[in-house]
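This report describes the architecture of a protein chain and then turns to selected details of its backbone.

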Amino acid sequence: MSNLWQQIWEKRSLQPQHAITLETLIALDGFDSGAGKIDLADWQEYTRRISDKLGMQSGDSVFEVGCGAGAFLYALRQQHPLTVGGLDYAAGLIEAAQQAMPDGDFQAIPAQSLDTSKEYDFVIANSVFHYFDEAMAAEVFQAMWQKARVGVAILDIPHAATKAACERARRDALTEAEYEEKYRGLHHTYYTPEWFSQQLPTKPQQVFESCVPNYAQSQYRFSVIFTKRLHG
């Protein structure tokens, strides 16, 4: 993972004037501007759709890799009583997640340090795999699978088939000088659905297009769910 990305995310933290609300957590997690903006109602609908796809129930446990300030988990807990945990390398964001969900188990550690000894029903990663190179992504994905009792969800993944269109749209939104200044040294990794099925070739999976309402990135993204067993 690029150290430049890490430097950007480590600058984010909950400020004293911020109330702990879902809107605040969404903004801290970077979904507050430009092509990545997702408003409150759309975020709640997105997490509801993912919860339904996974078959989440009251009392389940969910762990998020790259959880940031915890906006995804916080929204899930507005729907069901859940046990939650997560990790992120940005200590300021983890501190916000811990304040928002004091009973959660949150750690400021990199994704490749994921501890697989404590299992959760579901292990998820939302809009984070594009910060990994493929070798790291494979390592993290296998660890997520080991940690999950029921299923794994990798969400909001940049699709390799749309890479040129996605980067062209990003460039078109800025001048050439602005683009170079904003994205110098900052790279995204793009994936195919087949890449994920190659990691767990015999496991049941769902592949689906991004299901975030009114999200400008949706046309360039997909998600995958792998299940270990029926839930319930």
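## Overall architecture

The protein contains nine helices and seven strands; these elements are DSSP runs, with helices (H or I) of at least four residues and strands (E) of at least two, numbered from the N terminus. The structure is a predicted model in which local features need pLDDT of at least 70 and side-chain atom pairs count only at pLDDT 80 or more, whereas totals for chains, interfaces and linings use all residues. Residues are numbered from 1 along each chain as its sequence is written, and side-chain values use heavy atoms, with hydrogens and water left out.

## Burial, contacts and surface

Of the 232 residues in the protein, 51% are buried, where buried denotes under 20% relative accessible area, exposed over 50% and partly exposed in between (1.4 Å probe, protein chains only). Among contacts (heavy atoms within 4.5 Å) with a separation of 6 or more, 69% are between residues 24 or more positions apart.

The protein exposes about 10,600 Å², of which carbon and sulfur atoms supply 48%. Accessible areas come from the Shrake-Rupley method with a 1.4 Å probe; for residues, only the protein chains shown count as cover.

## Backbone with positive phi

Most residues other than glycine have a negative phi. Ser127, which is not a glycine, has a positive phi near 55°. Ser127 lies in the loop between β4 (120-126) and α6 (134-147) and counts as buried because its relative accessibility is 11%.

Asp156 is also not a glycine, and its phi is positive at about 60°. Asp156 belongs to strand β5 (residues 148-158) and is buried, with a relative accessible area of 3%.
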